[in-house]
Amino acid sequence: MSRFLRGTRARLVILLVLLGAAVLLTFVLERKQETDADARTRMTLVIDPGHGGIDSGAVGADGTRESDINLAIGLKLRALAELYGQDNTLIRQDDSTKCDTDAYSEHRDLECRTELVQAQQNPVYISIHQNDYPTAQPSGSQVIYAAGEGSAELGTITHANLLQNLYPSSRRVAEPATRRLYILSHLDCPAILIECGFVSNPTDLENLKKPGYQTTLAATIMGSYLQYMQNTVRI
Ligand SMILES: [Zn+2]
């Protein structure tokens, strides 16, 4: 092979290598931009089983603690979030209050929970509670939503699904939160509080204690979250 041909081939190889490197670099940069964009838009489902530890919340006629029902549903909801590949945080994973202080303060506990939500990336906050009433008659779910963008939509979807699946005869509607609810009134992110049922209603209380019923509640909440995410083009 002549020196001219060897030189031409060498230049061709170098050109191809440079071209390949440029294509690879473009691909890598595009993938990085996509990953950065994904990271920015990725939402974190923040699950907050209300009360805990010294704060039992409402107590049923048989001594069932609201805080225990809230935790059972929260754990099931977290398992479903994992199953569906949704980023999530569970605010408490056991029977404890959020702040480890010697002197329990409800206000400080609510502050701690609020700060934890605010520390998450693009949080969507779902608080789980049970309702209580002086008489046994009221029953069913009630969703309350915050003022932040997306809250009313998430609350309305969740409330409608809970009623459709569990309380089809209920005429209750999702309601905006009052300032009395500390966490909801201090969050700007999509945020709702779900009163799953009444511990003061005997039928509700029996249902709320059943693992199968708790799973139905968790699955309905998870389905509502996914529906909300799809509506807002985030998944
Ligand atoms: Zn409560």
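Q: What pattern does the protein chain follow when read along the sequence?
A: The protein chain reads α-β-α-β-α-β-β-α-β-α-β-α-α, which comes to seven helices and six strands, where helices (H or I, at least four residues) and strands (E, at least two) are DSSP runs numbered from the N terminus. This is a predicted model, in which local features need pLDDT of at least 70 and side-chain atom pairs count only at pLDDT 80 or more, while totals for chains, interfaces and linings use all residues. Residues are numbered from 1 along each chain as its sequence is written.

Q: In what order do the six strands form the sheet?
A: Strands of a sheet pair through backbone hydrogen bonds, either parallel or antiparallel. Here two strands pair if DSSP finds at least two bridges between them, and the six strands form an open sheet with mixed pairing, in the order 2-1-3-6-4-5. Strand 2 (88–90) and strand 5 (175–176) are the edge strands, each pairing on one side only. Strand 3 (residues 123–131) and strand 6 (residues 191–198) run parallel and are joined by six bridges, with Ile-128 standing opposite Ile-194 in strand 6.

Q: Which strands does helix 4 lie across?
A: Two conventions are needed: residues are in contact if their C-beta atoms, placed from the backbone, lie within 7 Å, and axes are lines fitted to C-alpha atoms, for helices over the stretch in contact, with angles from 0 to 180 degrees between N-to-C directions. Helix 4 (residues 151–166) lies across strand 3, strand 4 (142–145) and strand 6, and runs at about 175 degrees to strand 4. Helix 6 (residues 202–209) lies across strand 3 and strand 6, at about 110 degrees to strand 6.

Q: Which residues touch the most other members of the largest nonpolar core?
A: In soluble globular proteins, nonpolar side chains tend to be buried together. A nonpolar core is a set of buried Ala, Val, Leu, Ile, Met, Phe, Trp, Tyr and Cys residues joined through C-beta atoms within 7 Å. Of the 46 residues in the largest one, Ile-126 and Ile-192 touch the most other members, and helix 2 (residues 66–83) gives the most to this core, with seven residues. Setting aside residues up to four places away in sequence, the residues that Ile-126 touches include Val-46, Ile-47, Ile-192 and Ile-194.

Q: Why does Ile-47 count as buried?
A: A residue is buried if 20 or more other C-beta atoms, placed from the backbone, lie within 10 Å of its own, exposed if 12 or fewer, and partly exposed in between. Ile-47 counts as buried because it has 28 C-beta neighbours inside 10 Å; its place is in strand 1 (residues 44–49).
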